[in-house]
Amino acid sequence: MATKPSSSSSPGLLKLEEQLTCPVCLDHYTNPKTLPCLHSFCQHCLEGLPLDKKNETYYLSCPTCRNRTELPKEGARAFPVAFTLNNLKEIHTLMKKVANPQQVTCDNCTTANATGYCKDCSRFFCTKCDGVHKKWGPTSNHQLTSLDEVTASDVSSTSELLAPAKQETTLTCSVSGHDDSLRYYCDTCDESICRDCIMLAHKDHKYNLIANSFNKHKEALEKSLNPVKGKIEALKKVLSALAEREGEIRERGEGVLKEIHEMVEKMMNVLRQSERKLTEQAKRVTDNKLKLLSGQMKSAKMSLSLLEDVGDYVEQSLKTGSPQQVLRSKKQMMERMSEVIAGINVKELNPKEKADFVLSKDIKSLHHIGDIVTSTALQQCRVKKIDCIRPAGKAVSFSLSMEAPDSSVLCVPLSSLRCSLVPVGKGDQPITTTVTTTSSDLGVYKIQCNASTRGSHTVKVQVYDVHLEDTSLVIPINPCLDKITPVHTITELKRPWGVAVTDDNHVIITENSGNCVTILDREGKKVKSLGGEGGSGNVKFSTPRGVAITSDKFILVSDGNYRIQKISMDGYLIASVGEKGSGPLQFSGPRGIAISPITGQVYIADRNNHRIQVLNPDLSFSHSFGSKGSANGQLEYPYDIAIDIQGLVYIADRNNRRIQKFSPDGKFVGQFGTGGSGPGELNCPAGIAIDTAATGLVYVSEDSNHRISVFTSDGVFVTVTKKFGELINGLITPNPLVHGKEFQLQGTLHIKKTIQWGILHFTLTHPFKNYINITFMDEKFNLCDYLDDLCKVYCPIPPGTYHADAVGLIPSILWPGRYYGKATAHNEKGEEMMCVTVTKKFGELINGSITPNPLVHGKEFHLQGTAHIKKLVQWGILHFTLTHTFKDYTNITFVDEKFNLCDYIVDLFKQHVHCPVQPGMYHFNYTDTSKVPDLLWPGRYYGKVTAYNEEGEEMMCITVTKKFGKLINESLTPYPLIHGKKYTIQGTFYTNKTVQWGTIHVTLAYNFRNIANLTLVDEKLNLCDFTVDLLKLHCPVPPGIYQFNYTDTVPKLFPPGRYYAKATAYNEEGEEMMCQMIDVNINE
């Protein structure tokens, strides 16, 4: 090992010794060799390095930079000699000698002290000998240096002063058989050569004497050195910036930690857990930033070291090497410098992290007192959901939540959140909004604004100074949505099917039974008919359905002859394509047609082939997509198509009871809607249209729900145009009401349809001591009398807006306490006008589960889930029932008890939560060690848990039931039914579980004059008999899909009118298989 230099050594000698120390053996270099990466090592150290063999070739890795180098066949000795290090060794010997000038004697007379040094002779001379040396002819031009000048210089200058003169050394050509010295330089091959090389291998090459070539190539090397020096300076600045930024981040981190501690110290011991959490989070953010900076600094230092090594090597070569030596290594040095420079990107090494994190204080819960927020993390956040869109005149409100990178809900102070709406296509002037929140939903913000224009708006969200990227959503602003009224009613059409509107507001309608296309003007008056009996033109139709208008004003129609016809506005046939089948340009029941506003391609709902065919504008086949099924992208009897302004394709997937969205090339994008009759649910969607000119809203017509449902383009349900009346801003004063005192009812009644007469059904219920609900009133009134009292208007009442202002007296018979009221109004046809209730659940159970399933006698069971409580609960009760279905004939109630809700909460949440319970999300993981009681019989049970707060308000209701079958595409013909005539029920029955046997409960109620429902049938039948009649199947019925077609006669004992039927099927275990409801009219 190398001996450490003495403490008396000068800094210059210490630096020189460091340069002459091999990084492998840590001793002075012995026979140093230079690798292609320009790092040097002892020959014996290189020979001891591990080798990597690949394809009979050995490679070694540089111990300094890990650069992989091919080992010459001759071994490490074949690497070029590190002549710069050998020269430095001579300089080191001389510097050690001159470190103490009094000890240096003259090399000529060997007695007197030396006073100078000759670089050409590499000898020390005394004053006398120095004078003789200067005067003697052969040495008169030698470079002499004063010894005092050498000792007064720094190490760089000293080494230069003592460096031997660059003399031509005798370097012999390495080519076998060539004994001449290397005196020439071949510019063509960029290498030193001898005289024999000129005559043989380098014949006709461009060459010159080494002395003549040296200056030119020296300039090239010096010029190439400039970028290296430039990058060195740039990296030094980067390191300085990184160090400065490191200090800022440390300072910011310390400042945030100080803020956290100051805030937490003001709280009590219950907040200590949150303090630790925030401290760890702040340290983690700080450490992560410092870790990234540390990596950058490490990379920058390594790059700087690499550049300095290369630069030092080249500089030393130019200073100390002879022209032959320099030019021999010139190519290698040039290549290495270019390689190193190209591999270092200074811009990428500039500081990437900022001291940009602050303490976001949000003290809503003792268990969540804030977050460490960084601009980097905020840039990865997104708007998670926009929901509950409520247009009311020009005022609009909706709720908004944001999602953090870890998928958690982002909670920020209101002061840091900014939201604006920008009208799409109508300028970029933003509409300011008001952002509020409530304690009931953490992370959910209510946005309110006044819409200055109709149409689609884009939501822009900013948190602190960060704009959330790619999170804009389209919000519909349609103040007229709640004021939809018929403009024209056209009664002279024969089963109208498809509708399209021209640019000049003419309406094109296909008459399915009239076999024609009818054109109406903007007032709804008939202009002409195309085709059919007495129609214009030469076109012929067979049950036409879909219709669309091309950009060049031609009409496209799909009809029952499995074809698409293109006709002029005068009814003349232009083109016709299609035939029956399932191949390209073959159709089976073509329905809706839509034309892309971007490409002009024609999209056709090929109903019975369960696909969409796409034709080019010239009606040639382009492509198709879709197949039968219920998975994403699959279709089952698609009925209609609409295309938005972006070219996205919306499909009314009728039998799957949903709307699917596709890209123009048929790739699945998304879907919305589920089967049912509630808000946002669909039942047999048959038509679809998009308001592309203004709001972007999607309008869906439903066969079985007899209504139009409205959605945003993202599938958010907006409204359903079914009820034709609404009470706006209803208010009862005083609150609470007082016994024997008057009360006042005020508000605005919006009626959308003429009311000839009707009934009002009113119920009033009181929760007695939160244990039982007592009904004080359940009556039906004459709706006209009620509206006369309320709005001073009498039947018939035309559509319009009416102000309600009535005064009443509170009966003393009503007990003090809380009451629930419900008022439902129906017109003379039994249609529901409106329903007003005063109830609201303020809690829900999320992801609840019971394990094991099934439960086992005498064994423990496990409950887990998340309770979401939206309102402060002081105390309350929990009502629990447990029912067993005994042999599918009767339900036996084993448990029907009420418990103290607060005790239940303590048991469920393991002492972490006590009453009063603050709003929030509470996770529970509870094991009942009391085990499943043996007294419970084996079998299926139905549990129901209902929680009420101290005011008797229902907090949540949880039941455990699941249906495993359903009825699809059911139809009843004729409609309405006729006394004594046959009727037919058709459809598809689906079950995913084997049915051994079971029961079917059928009820049939008759609506008597819209005043009362009379039950005519209420029976339980053998389910297996029913499957034999309906499906021609005997029990057991395996899982599957079954078609049915059943015909019977309408009994004459049923009076004419409206009927409501309900059928509920249960299997042998008492599980509910399906529940089907229908209303039907019977005529004479």
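Trainee: Let's start with cysteines. How many disulfides does the structure hold?

Mentor: The structure holds 1 disulfide. C1024 and C1035 form it, with their sulfur atoms 2.0 Å apart. Keep in mind that this is a predicted model.

Trainee: Which hand does the link of C1024 and C1035 have?

Mentor: The link is left-handed, with -105° about the S-S bond.

Trainee: And where do C1024 and C1035 lie?

Mentor: C1024 lies in helix α14, residues 1023-1031. C1035 is in the loop between α14 and β66 (1040-1049). The pair therefore ties together parts that are 11 residues apart in sequence.

Trainee: Is C1024 buried or exposed?

Mentor: C1024 counts as buried, at 14% relative accessibility. C1035 is partly exposed, with a relative accessible area of 25%.

Trainee: What about C22? Which cysteine sulfur is nearest to it?

Mentor: That of C45, which is 3.8 Å away. C22 is in no disulfide. The cut-off for a disulfide is 2.5 Å between the sulfur atoms. C22 counts as buried, at 0% relative accessibility. C118 is also a cysteine to look at: it is buried, with a relative accessible area of 0%.

Trainee: Switching to charges. What does the count of salt bridges come to?

Mentor: The count comes to 19 salt bridges. Take D180 and R195 as one of them: the closest N and O atoms are 3.9 Å apart. The cut-off is within 4 Å.

Trainee: Where do D180 and R195 sit in the chain?

Mentor: D180 is in the loop between α6 (155-162) and β9 (184-186). R195 is in helix α7, residues 195-199.

Trainee: How accessible is D180?

Mentor: D180 counts as buried, at 14% relative accessibility. R195 is partly exposed, with a relative accessible area of 45%.

Trainee: OK. Which residue does R658 meet in a salt bridge?

Mentor: R658 meets D653, at 2.9 Å from N to O. R658 is buried, with a relative accessible area of 5%. D653 counts as buried too, at 0% relative accessibility.

Trainee: R654 is next to look at. What does R654 form a salt bridge with?

Mentor: With D703, the closest N and O atoms being 3.0 Å apart. This pair links distant parts of the chain, 49 residues apart. R654 is in the loop between β38 (649-653) and β39 (658-662). D703 is in the loop between β44 (698-702) and β45 (707-711).

Trainee: Is R654 buried or exposed?

Mentor: R654 counts as buried, at 13% relative accessibility. D703 counts as partly exposed, at 38%.

Trainee: Back to shared partners. Which residues do they join into one network?

Mentor: D180, R183 and R195. The salt bridges there share partners.

Trainee: Now strands. In what order do the strands of the open sheet run?

Mentor: The order is β23-β24-β25-β26. The sheet has 4 strands, and the pairing is antiparallel.

Trainee: Which strands stand at the edges?

Mentor: β23 (496-501) and β26 (526-530). Each has a single partner strand, so one side of each is left without a neighbour in the sheet. From one strand to the next, the twist averages 20°.

Trainee: Over how many bridges do β25 and β26 pair?

Mentor: Over 4 bridges, in the antiparallel sense. β25 covers residues 516-520. T518 stands opposite S529 in β26.

Trainee: What do β29 and β30 form?

Mentor: A hairpin, with 5 residues between the strands. G571 in the turn has a positive phi of about 90°. β29 (residues 563-567) and β30 (residues 573-577) pair in the antiparallel sense over 4 bridges. I567 stands opposite L573 in β30.

Trainee: Last topic, helix α10. How many residues does it have?

Mentor: α10 has 20 residues, 323-342. From its first C-alpha to its last, α10 reaches 27 Å, close to the 28 Å expected at 1.5 Å a residue.

Trainee: Where does α10 bend?

Mentor: At K330, by about 50°.

Conventions:
Residues are numbered from 1 along each chain as its sequence is written. This is a predicted model: local features need pLDDT of at least 70, side-chain atom pairs count only at pLDDT 80 or more; totals for chains, interfaces and linings use all residues. Side-chain values use heavy atoms; hydrogens and water are left out. Two strands pair if DSSP finds at least two bridges between them. Helices (H or I, at least four residues) and strands (E, at least two) are DSSP runs, numbered from the N terminus. A salt bridge is a side-chain nitrogen of Lys or Arg within 4 Å of a carboxyl oxygen of Asp or Glu. Buried means under 20% relative accessible area, exposed over 50%, partly exposed in between (1.4 Å probe, protein chains only). Axes are lines fitted to C-alpha atoms, for helices over the stretch in contact, and angles run from 0 to 180 degrees between N-to-C directions. The expected span of a helix is 1.5 Å times one less than its number of residues. The bend at a residue is the angle between axes fitted to the seven residues ending there and the seven starting there.
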